[in-house]
Each structure stands twice: as C-alpha cells, then as structure tokens.
4 protein chains.
Amino acid sequence: MAIADRKRRERQARMQLILNAGARVFARYGYHRASMDLIAEEAELGKATLYYYYKNKDDLLLGILTEGIKDFFHHLELSLQTNKDPIEQLKLTIRESMLFFERHPDYFKLYMYLNVHPAFRKKIYRLMHPLLTQKIGMIKQIFQEGQAQGRIKDIPTEHLQAIFGSLVMGMGIFSTGKMTHEQLEERARYLEQVFFTGIVKE
Amino acid sequence: MAIADRKRRERQARMQLILNAGARVFARYGYHRASMDLIAEEAELGKATLYYYYKNKDDLLLGILTEGIKDFFHHLELSLQTNKDPIEQLKLTIRESMLFFERHPDYFKLYMYLNVHPAFRKKIYRLMHPLLTQKIGMIKQIFQEGQAQGRIKDIPTEHLQAIFGSLVMGMGIFSTGKMTHEQLEERARYLEQVFFTGIVKE
Amino acid sequence: MAIADRKRRERQARMQLILNAGARVFARYGYHRASMDLIAEEAELGKATLYYYYKNKDDLLLGILTEGIKDFFHHLELSLQTNKDPIEQLKLTIRESMLFFERHPDYFKLYMYLNVHPAFRKKIYRLMHPLLTQKIGMIKQIFQEGQAQGRIKDIPTEHLQAIFGSLVMGMGIFSTGKMTHEQLEERARYLEQVFFTGIVKE
Amino acid sequence: MAIADRKRRERQARMQLILNAGARVFARYGYHRASMDLIAEEAELGKATLYYYYKNKDDLLLGILTEGIKDFFHHLELSLQTNKDPIEQLKLTIRESMLFFERHPDYFKLYMYLNVHPAFRKKIYRLMHPLLTQKIGMIKQIFQEGQAQGRIKDIPTEHLQAIFGSLVMGMGIFSTGKMTHEQLEERARYLEQVFFTGIVKE
DNA sequence: GATGAATGAGCTTTCATTCAT
DNA sequence: CATGAATGAAAGCTCATTCAT
C-alpha cells in the first residue's frame with residue numbers, strides 16, 4: 001500500500017499548501033476581501049483546485065482556524081507537562097498564549113473577525129467548540145487544583161476563567177506583530193505579576 | 001439665524017436617525033452583509049438619501065463608531081468626576097466599560113470587526129486615534145497619580161495600560177448580551193479584585 | 001397621483017421588456033445556455049438591472065411562463081364566450097391551443113423543458129398549478145355539460161381530460177414554427193374530426 | 001479470435017453499465033445537474049473512465065436515448081408480428097407506447113428535454129432520425145394499409161401520423177410513473193376508443 | 001485500461017455607488 | 001432635499017474535460 005500512502009501524504013501536503021496560502025491572504029486582506037482568486041494565486045494553483053480540496057470558502061477558513069487552535073493547544077500541552085505546579089502552569093499558559101500571538105498574529109485576527117461576524121458565529125461554535133471546550137476544561141482543572149491547594153483565592157471558577165480568558169485574548173487584540181520578542185517577554189512577566197498579585201501595593 | 005439653526009438641528013436629527021439604523025443593521029448582519037439597501041430600509045429613507053448625508057458606507061460606519069466612543073467617554077468622564085481617588089477611578093473605569101458593553105454590545109463587535117480588518121485599520125486609526133489618545137492619556141494620568149501616591153506598583157505605565165486595556169477589551173469579547181445585569185456586576189467585582197490584588201492567596 | 005401611475009406603468013413596461021427579451025433568449029438557447037448576460041444584452045440593459053426587477057433567473061423564467069399561460073387562457077376565455085355549445089367549445093379550445101403554439105412556439109418548449117427538469121418541477125407546480133387547475137376545471141365542465149346533454153360518450157372525465165390534454169399538448173411537441181397558418185388550420189380540422197368521430201369508417 | 005470476442009463483450013458490458021448509471025442520474029437530476037462526477041460515482045467508476053468509453057457528455061446521453069428508442073421499437077416489432085390487422089396493430093402500438101412510458105419514464109423526459117433544447121435538436125435529429133424515420137415509415141404503412149382496406153378514413157397520412165404521434169407522445173408528458181399498471185391499461189383502452197371512434201355519441 | 005488530480009471557462013448573484021428627475 | 005432606477009465590477013462556485021501515471 002505504499003502508493004496509497006504516498007497519495008495520502010501528497011494530499012495532505014497540498015491541503016497544507018492551500019491552508020498556508022489561505023492564512024496569508026486572509027490575514028492580509030481580511031475575510032471578505034480575500035477572494036478565492038487571490039488565494040489561488042498565492043497558492044499558485046487554479047481556483048477550481050481549491051474547491052477540489054475544500055468544499056467552499058468557509059470550509060477553507062475553518063480549516064485554517066482549526067489548524068491554529070490545534071497548534072496552540074499542542075504547544076500548550078507539551079509545555080504544561082514540564083511543570084505540575086498550578087501557579088506555574090498558569091504562567092506557562094500566559095507565556096504560550098503570547099508566543100502563539102507572536103507566531104501567528106493572523107490567526108487571532110481571523111478568529112475575532114469571524115467570532116464577531118453574526119453569520120459565522122453559529123458555524124464556528126458548532127465546529128470549534130467541541131475542540132475548545134475540551135481544552136478549556138483543562139485550564140479549569142488547573143484553577144481548581146490551585147484552589148484545592150489553598151493557593152488561589154476562592155473566586156468561582158467560571159468567573160476566574162472568563163477573566164483569565166479575557167486577559168489572554170485581550171492581549172491578542174493588541175498584538176500587532178510589531179513587538180520584539182523581548183518586549184513581549186517583558187509584557188508577559190508584568191501580566192503574570194498583575195494577574196497573580198494585583199497592581200496594588202501591600 | 002433661527003432658520004439656519006433649525007436646518008442644522010434637522011440635519012443633525014436626520015444623521016442621528018441614519019446612524020441608529022446603521023448601527024442596528026451593522027450589528028445584526030456584520031459589516032459586509034449590511035447592505036446600504038438594508039440600512040436605507042431600516043431608516044425608512046431612500047438609499048440615495050444616505051449618500052446625501054454620508055459620503056459612503058465607510059464614512060457612515062466611522063460615524064457610528066465615533067459616536068459610540070464619544071458616548072463611552074462621555075459617561076466615563078461624568079463618572080470620574082464623582083471621585084478623585086485613583087484606585088476608585090480605575091474601578092469606575094472598569095464598571096463603565098462593562099456597562100458600555102451591556103448598553104452597546106454591537107459597538108464592540110463593529111470595532112473589533114474593523115480593527116481586525118486590514119483595510120480599515122489605517123482609516124480607523126487615522127480618524128479615531130486623535131479621539132482615543134486624548135482619552136487614553138486620561139487613564140494614564142490615573143495610573144501615574146496612583147504610583148505617585150505610592151499605592152500602585154511601579155510597573156511601566158505603557159505596560160500597565162496595555163494590560164488594563166486588554167482586560168477591559170477582553171471582557172468585550174465575551175459580552176454576548178446574554179448576561180443579566182446582576183451577573184455583570186458580579187463579574188465586575190471579581191475583575192476588580194483580581195486586577196487590584198491578584199488571584200494568589202497571601 | 002399621476003406621477004405614481006406613470007411610475008407603475010413604466011415599471012410594468014420595463015418588466016415586459018425584460019420578459020420579452022428573456023423569452024427570446026430562453027427559446028433560442030434553452031434554459032441553461034441562456035445566460036443572464038445574454039438576456040441583458042438582448043434587453044439592452046445592464047445585467048444587474050434584470051436583478052432589480054426579477055429576484056433571480058428562475059423568477060424571470062416563471063414570469064415568462066406565467067405570462068404565457070395567462071395569455072393563452074385570456075384568449076381562450078374570450079373565445080369560449082362566443083359559443084355555448086360544448087362540442088363547439090372543445091373545437092374552440094383546440095383551435096386556440098394551436099394558435100397559441102403558433103403565436104408562441106417558445107413558451108411550449110420552455111414549459112416542457114422545465115416540466116421535465118426534476119429540479120424545477122416542484123417549483124413550477126407550486127407556482128403555476130393554482131393558475132392551471134382553476135382553468136382546467138373550466139374544461140372539465142365543458143365535458144360534463146356535453147355528457148349531460150347526452151352528446152359526449154360516458155368516458156370518465158379524468159380520462160377524457162387526460163386524453164384531450166395529451167392530444168393538445170402533444171401537438172405542441174411537433175409545433176416547430178415551420179408550418180404555415182393554413183397548414184395549421186388544416187391539421188386542426190383533422191384533429192377535431194379524429195377527436196370527435198375517430199378514424200374508423202362507419 | 002476468442003480473446004478479441006471476450007474483449008468486445010467486456011467492452012459492451014462496461015458501456016452498458018455506464019449507460020444504465022447515466023440514465024439513472026440523468027433522470028434523477030436532469031441533463032445539466034447530472035454531472036459526470038455523479039454518473040461516475042453511480043457507475044462506481046473513475047470519472048476519466050467514462051471518457052474512455054464515451055467521447056463526451058453528449059455522446060453518453062445520445063447513447064442512452066438511442067438505447068431507449070431501440071428498446072421501444074424492438075418490443076413494438078415483436079408485438080406487431082402477432083397480428084396483421086391494421087386496426088389491431090395501431091392498438092398494439094398505443095399499448096406498447098404506454099408500456100414503454102411505464103417501463104422507462106425517464107427516457108421520455110430526457111428525450112423531451114433535449115428535443116426542446118435548441119443546441120441538441122440538430123444533433124439528435126442527425127443521429128436519431130435515420131433510426132426514427134425508418135421505424136415511423138412502418139407506422140405510415142399501417143395507416144395506408146387500413147385506408148386501402150377501406151377501414152380508415154381518408155385523412156392524409158402525414159396528418160394522421162402527426163395526430164397519432166401527438167396523442168401517443170402527449171401521454172408521455174403526463175406519465176409521472178405514479179399510475180398503477182391497471183390505471184394505465186384503463187386509460188389505454190379509453191384512448192383507443194377515442195382515437196378510433198371519437199367521443200361523440202352516434 | 002483505469003483513474004485521481006487539476007483547471008479554464010463560464011455562470012449566477014450581490015452591492016456600493018451614481019444620476020436624472 | 002429626496003429618491004427610484006440603473007449598473008460596473010467583482011465574488012463564489014460548478015463542471016466538462018484533460019493528462020500524467
């Protein structure tokens with residue numbers, strides 16, 4: 001079955017090629033101005049070829065988004081395995097989030113763009129929430145573990161999560177890709193400091 | 001000059017009417033699916049009339065956004081005059097932000113939609129940054145005052161502001177308009193607690 | 001309200017103009033090869049203008065078909081008022097049908113084309129059957145009247161109608177628009193003869 | 001030459017397989033929505049394989065139509081050999097036609113679809129008329145024989161044929177495949193009665 | 001022989017914008 | 001002032017056909 005294998009690999013490679021081209025074009029022009037023509041040109045493929053691999057424009061975009069989310073959680077999970085202390089794990093989560101925004105400033109934009117777009121909200125939630133909720137549960141457990149150890153204040157976890165999420169996602173809004181890695185690291189440190197001990201002296 | 005005055009007032013009223021109709025339609029359909037036809041219909045005006053008051057679709061949209069920002073800062077300034085303590089003023093800012101999201105869940109969506117949209121970013125910054133920087137400077141002063149009083153940690157203000165901004169804007173991402181006013185208040189209290197004293201015990 | 005009246009008349013005229021252009025193009029190229037571009041060109045209008053008056057291609061086609069049916073029954077009803085004898089009325093129906101095929105060889109083609117096209121069948125039936133059944137009932141009454149007078153054989157009316165309909169519609173299949181009016185008249189006479197007294201001697 | 005024979009038989013079988021799949025898909029979706037992809041899938045063959053056996057889509061369709069016509073005349077000829085009386089032969093023709101519509105409701109649809117389709121008309125006539133005229137001549141002879149025997153009225157045969165054809169084809173228009181065999185038989189009997197002796201009493 | 005992959009050409013539809021009245 | 005009517009330009013998508021393997 002060597003042939004079938006090669007075929008499958010080639011198919012995967014093509015899809016990845018299209019995904020990357022798509023990501024670039026979507027990021028550059030935004031969803032609506034990113035025409036399939038432009039993506040095809042960027043991928044150096046015929047337009048119809050895109051449709052051979054992806055059912056339609058939305059499908060392609062969802063492929064890109066899913067890919068990004070998977071990438072993020074993949075890195076995060078690897079990272080979380082290096083340290084089991086809940087406080088440290090939250091720091092790692094912040095760090096990984098910001099690194100992700102650095103690596104893929106575009107993915108966040110697209111996610112927001114669509115999350116905000118009424119017509120897509122439903123579709124996105126349907127397709128990505130299964131993925132998200134599973135992973136988010138992971139973070140919930142970290143908070144619970146921290147509270148169980150008596151090291152994190154007894155704030156209801158749904159609020160904790162929403163606040164943590166806002167903070168992390170909120171950073172994405174301002175991530176223009178114009179910061180150096182050092183500036184990012186510095187901001188991440190301050191962010192940790194604020195989140196863990198607040199801004200008020202004493 | 002009574003006639004000219006009335007004319008101006010009527011013109012203002014018409015523009016406001018269009019602005020409101022536009023806001024509703026943009027929020028309901030997103031920028032691209034919100035056609036000028038739909039907005040005209042919602043405003044109960046002829047389509048060409050929109051063009052009489054606004055140069056083009058983008059111009060109308062920017063009108064809506066500017067209007068929202070103004071509304072926000074108007075409320076915020078009123079609020080900040082009631083208490084001169086910097087910590088309290090930050091709390092008021094958080095409170096007002098969340099109230100704004102409650103009042104206008106749509107404005108935030110639109111802002112994100114466009115902030116994320118490469119083609120608009122420049123235009124938005126050009127038109128709204130004068131407005132924004134002035135007002136944001138106000139918040140910077142609050143942080144500086146707090147640090148001068150020795151009550152806020154000596155975190156560089158640009159980071160403080162970015163973190164504060166992220167937190168506040170981040171809440172907007174999750175403001176679906178589905179929360180009750182009480183839930184919102186509760187979340188705001190926890191948010192203050194976290195921002196001022198952190199999540200870590202002791 | 002003279003202005004509103006004129007507007008309405010102009011609108012009607014435009015729609016008629018498009019309808020006629022559409023009918024010509026549909027007839028010349030068939031439904032699928034008749035592109036909206038071609039129709040627009042034939043109507044000497046911008047393509048988007050067609051969409052200003054008709055929701056979509058199907059809508060335009062249905063307009064054409066409905067128009068044809070109405071035209072047919074309009075002539076038929078006028079004709080039937082000239083003679084109340086059932087046998088004569090059937091003859092008039094045959095005559096009018098064939099004249100209709102002569103006047104509009106295209107309408108029949110289109111009707112068949114779509115009637116035969118699975119995707120349209122439902123839509124056509126939904127939109128045109130109300131119109132058709134009402135009119136067909138008229139013909140049923142003629143048969144019943146003829147039977148009541150003891151001049152038409154007691155064949156169940158549903159079969160009578162189906163046979164009569166087949167015969168009439170069947171003529172449409174062969175109406176290529178290549179016959180002269182005289183040939184048509186001649187064929188109509190023979191058709192009546194066959195339908196009323198059969199082909200068998202004695 | 002056994003090998004060549006087997007090859008030819010296998011080729012025939014493959015072509016038949018494709019023809020059947022095509023007929024099903026064409027009938028289900030109509031000509032234009034019946035894509036080669038769908039037909040290939042229905043035939044459980046690769047799409048390119050279809051092109052190995054048929055030059056193009058039209059060629060395949062003509063294959064299907066020709067096949068149907070052949071099938072019809074094959075049955076008809078067998079039937080006509082059982083009785084040499086012209087009147088009876090006409091009855092047999094009606095009977096066989098209706099049975100054909102019952103067996104292959106799809107073939108008629110396709111035939112009409114294309115007969116009506118200007119682009120195909122020429123091609124169809126060129127390819128199928130040789131077949132048709134030969135067979136239609138057969139029916140002409142029956143009428144002439146009937147007239148020679150003094151049993152059929154002296155209506156010019158071209159009109160007789162057109163009327164007979166209209167009647168028979170017209171039944172096809174209404175053959176939705178929803179009638180039971182019994183209802184069909186009943187209608188056939190009434191049809192004969194009308195065609196031979198008319199609907200008028202006395 | 002058989003086929004998956006690729007694509008050019010073409011289609012319907014949408015919509016911001018203009019303009020004559 | 002107000003607007004209905006008109007449209008150019010562009011987008012998403014489909015599909016018959018070809019070709020390298």
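Analyst: Copies of a chain are superposed by least squares on the C-alpha atoms of residues with pLDDT of at least 70 in both. This is a predicted model, and in it chain A can be laid on chain B with an RMSD of 0.3 Å, by a turn of 179° and a shift of 0.0 Å along the axis. The two copies are therefore related as by a two-fold rotation axis. The same surface serves both of them, since 100% of the contact residues of chain A recur in chain B.

Of the atoms of DNA strand E that come within 4 Å of the protein, 63% belong to sugar and phosphate. The elements that give two or more residues to the surface near DNA strand E are α3 (47–53) of chain A, α3 (47–53) of chain B, α2 (36–43) and α3 (47–53) of chain C, and α1 (2–33) and α3 (47–53) of chain D. By class, the residues of this surface near DNA strand E divide into 16 nonpolar, 8 polar and 10 charged.

Sugar or phosphate provides 61% of the atoms of DNA strand F within 4 Å of the protein, and bases provide the rest. One of the base contacts involves A:Lys47, where an N or O atom of the side chain is 2.3 Å from a base nitrogen of DNA strand F. Phosphate oxygens of DNA strand F are approached by a polar side-chain atom of C:Tyr53, at 2.2 Å, and by a polar side-chain atom of D:Lys57, at 2.7 Å. On the surface near DNA strand F, two or more residues come from each of α3 of chain A, α1 (2–33) and α3 of chain B, α1 (2–33) and α3 of chain C, and α3 of chain D. That surface has 16 nonpolar, 8 polar and 10 charged residues.

The remaining context is the interface between two of the protein chains. Here 55 residues of chain D are in contact with 54 residues of chain C, and the area buried between chain D and chain C is about 4,900 Å², with carbon and sulfur atoms giving 68% of it. Across this interface of chain D and chain C the rule finds 0 salt bridges, whereas 11 residue pairs are found in polar contact, both residues being at pLDDT 80 or more. On the side of chain D that touches chain C, at least two residues each are supplied by α1, α5 (86–103), α6 (105–116), α7 (118–148), α8 (157–174) and α9 (181–197) of chain D, and α8(D) gives the most, with 13 residues. By class, that side of chain D has 30 nonpolar, 14 polar and 11 charged residues.

Terms used
Residues are numbered from 1 along each chain as its sequence is written. Chains are lettered from A and ligands numbered from 1 in the order in which they are written. Side-chain values use heavy atoms; hydrogens and water are left out. A residue is near a molecule or strand if one of its heavy atoms lies within 4 Å of it. Helices (H or I, at least four residues) and strands (E, at least two) are DSSP runs, numbered from the N terminus. Ala, Val, Leu, Ile, Met, Phe, Trp, Tyr, Cys and Pro count as nonpolar, Asp, Glu, Lys and Arg as charged, and the others, Gly among them, as polar. Contact means heavy atoms within 4.5 Å. Buried area is the accessible area (1.4 Å probe) that two parts lose on being put together, summed over both. A salt bridge is a side-chain nitrogen of Lys or Arg within 4 Å of a carboxyl oxygen of Asp or Glu. A polar contact is a pair of N or O atoms within 3.5 Å; within protein, one must be able to donate a hydrogen and the other to accept it, and residues adjacent in sequence count only if both atoms are side-chain atoms.
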